[in-house]
Amino acid sequence: MRAKLLLLIFLMIFILGKSQVITEGYGFHEEPYHLGINIPHASITDNSGNTYVTGVSSDENSPQGNMFTVKLNAEGGIVWEIREQTIDFVLEAGYAIALDENDNPVVSGLHWNGSDMDIKTVKYNAENGSE
């Protein structure tokens, strides 16, 4: 019985800790939108210590959530962030990220084409986030 209780307490702490990271650690938007969807799905770090994170994030223009990628410098500061705007009210998200031979991030995720979901792959310029 004691082992089950300890396991239950551990799971509750783990779940509460995860939800705090998601709602506070990835709140890139000012009020009240920072309480929307902000979920990282994948990350990778380049040879210079920059980290790229991709996932889904909502804002005032797209409360359903967009495919979102952010570059963080080695100190954790935001260098650039890119939001792939959605059409209609469909959730889109980045799910995988890799670096090419020049450390440019390549992101793949789901994209709404107007009638169903497609796989979307985008290569960003590491310096400024342009496609």
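A salt bridge is a side-chain nitrogen of Lys or Arg within 4 Å of a carboxyl oxygen of Asp or Glu. This is a predicted model, where local features need pLDDT of at least 70, side-chain atom pairs count only at pLDDT 80 or more, and totals for chains, interfaces and linings use all residues. Residues are numbered from 1 along each chain as its sequence is written, and side-chain values use heavy atoms, with hydrogens and water left out.

The structure holds two salt bridges. One joins the side chains of Glu-84 and Lys-120, at 3.1 Å from N to O. Glu-84 lies in strand 4 (residues 78–84) and Lys-120 in strand 7 (residues 117–123), so the bridge ties together parts 36 residues apart in sequence. Strands (E, at least two residues) are DSSP runs, numbered from the N terminus. Glu-84 is buried at 8% relative accessibility; Lys-120 is partly exposed at 21%. Buried means under 20% relative accessible area, exposed over 50%, and partly exposed in between (1.4 Å probe, protein chains only).

The other salt bridge pairs Lys-123 with Asp-100, at 2.9 Å from N to O. Lys-123 sits in strand 7, and Asp-100 in the loop between strand 5 (93–99) and strand 6 (105–112), 23 residues apart. Lys-123 is partly exposed at 45%, whereas Asp-100 is buried at 13%.

Now the rings. Rings of Phe, Tyr and Trp (its six-membered ring) pair if their centres lie within 6.5 Å; planes under 30 degrees apart count as stacked, over 60 as edge-to-face and the rest as tilted. There are two aromatic pairs. Tyr-52 and Trp-80 are tilted, 6.0 Å centre to centre with 50° between the planes. Trp-80 and Tyr-124 are also tilted, at 5.9 Å and 50°. Tyr-52, Trp-80 and Tyr-124 form one aromatic cluster.

Key
Helix = DSSP H or I, 4+ residues; strand = E, 2+ residues; numbered from the N terminus.
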